[in-house]
Amino acid sequence: MPRTTDGDGVPVPQRLLAAATRLFAERGYDRTSVQEIVEAAGVTKGALYHYFGSKDDLLHEVYARVLRLQQERLDRFADADEPVEKRLRGAAADVVVTTIENLDDASIFFRSMHHLGPEKNKQVRAERRRYHERFRALIEEGQREGVFSTATPADLVVDYHFGSVHHLSTWYRPDGPLGPQEVADHLADLLLRALRP
């Protein structure tokens, strides 16, 4: 049975994910072999296949772990006892910050999503749809309450915001002029300005 942790107590699945993320970011998914991943993680192929059925499963998990984090955080914002405008702004800024904090994961995924098999691809699309629907529900709530304009359909507003989020990996640089929270504040403010009645 594979070791569950290394000498520092880091669980093998996390070591595999960290190695895969680094290698996929440096070389690309299609130019990274399973052997390179296990060597970088310091484990055997048997350990990889014990925790992940394939390289495809690793790619899926790179994205799924960020999406799980973002979904949990969105649910907290959406369920908070705050005015809808404050909840939406918090959620809109948070998804920007968490994407920037996990920029390698996001860029790997958007560059490599087409490598996923049909079932994993379907699963990811369902997970993203769930996230977007919860985000859209905040916009629709504000529109019903008259806090947000109904001039632009909520679906289009969601696409507008997430178009910006999904392209962060193409232009954001940690050593650039804006930090993660500044970018998040600007994009959240743009979203709320677009929704003003």
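Predicted model: local features only at pLDDT ≥ 70, side-chain atom pairs only at ≥ 80, totals over all residues.

Reader: Let's take a few. What does E61 pair with?

Author: E61 forms a salt bridge with R68. Their closest N and O atoms are 2.4 Å apart.

Reader: Is E61 buried or exposed?

Author: E61 is buried, at 17% relative accessible area. The cut-off for buried is under 20%. R68 is partly exposed, at 41%.

Reader: What about R87, which residue does its side chain meet?

Author: R87 meets E141 in a salt bridge, 2.5 Å from N to O. That pair links distant parts of the chain. R87 sits in helix α5 (residues 84–101) and E141 in helix α7 (residues 118–145), 54 residues apart.

Reader: And R87, buried or exposed?

Author: Buried, with 8% relative accessibility.

Reader: Which residue does R89 bridge to?

Author: R89 forms a salt bridge with D189, with the closest N and O atoms 3.0 Å apart. Here too the pair links distant parts of the chain.

Reader: How accessible are R89 and D189?

Author: R89 is partly exposed at 25% relative accessible area. D189 is partly exposed at 28%.

Reader: Which residues are linked in a network of salt bridges?

Author: D75, D79, R130 and R134 are linked in one.

Reader: Switching to helices. Which residues of α2 are buried?

Author: Helix α2 covers residues 34–41, and V34, I37, V38 and A41 are buried in it.

Reader: Where do they sit around the helix?

Author: Looking down the axis of α2, the buried residues fall within an arc of 90 degrees, so they line one face of the helix.

Reader: What does that buried set pack against?

Author: The buried residues of α2 pack against α1 (12–27), α3 (45–51) and α4 (55–79).

Reader: And what follows α2?

Author: G42 does, and its phi is positive, near 70 degrees.

Reader: Which residues are closest to its centre?

Author: The lining has 14 residues, and Y63, Q70, T99, F110 and H166 are the closest to the centre.

Reader: Which helices supply the lining?

Author: α4, α5, α6 (103–112), α7 and α8 (154–166) each supply at least two residues. The largest share, four residues, comes from α4.

Reader: What's the lining like by class?

Author: It has nine nonpolar, four polar and one charged residues.

Reader: Back to H166. Which helix is it in, and is it buried or exposed?

Author: H166 lies in helix α8. H166 is buried, with a relative accessible area of 18%.

Reader: What is H166 in contact with, leaving aside its neighbours within four places in sequence?

Author: F110, R128 and H132. F110 is also among the residues closest to the centre of the cavity.

Reader: Good, that's what I needed.

Terms used:
Residues numbered from 1 in each chain as written. Heavy atoms only, no water. Salt bridge = Lys/Arg side-chain N within 4 Å of Asp/Glu carboxyl O. Buried < 20%, exposed > 50% of the residue type's maximum accessible area, 1.4 Å probe, protein only. Arc of directions from axis to C-beta. Contact = heavy atoms within 4.5 Å. 1 Å grid on protein atoms, 1.4 Å probe; cavity = no way out; pocket = protein on both sides within 12 Å on 5 of 7 lines; lining within 4 Å. Nonpolar A, V, L, I, M, F, W, Y, C, P; charged D, E, K, R; others polar.
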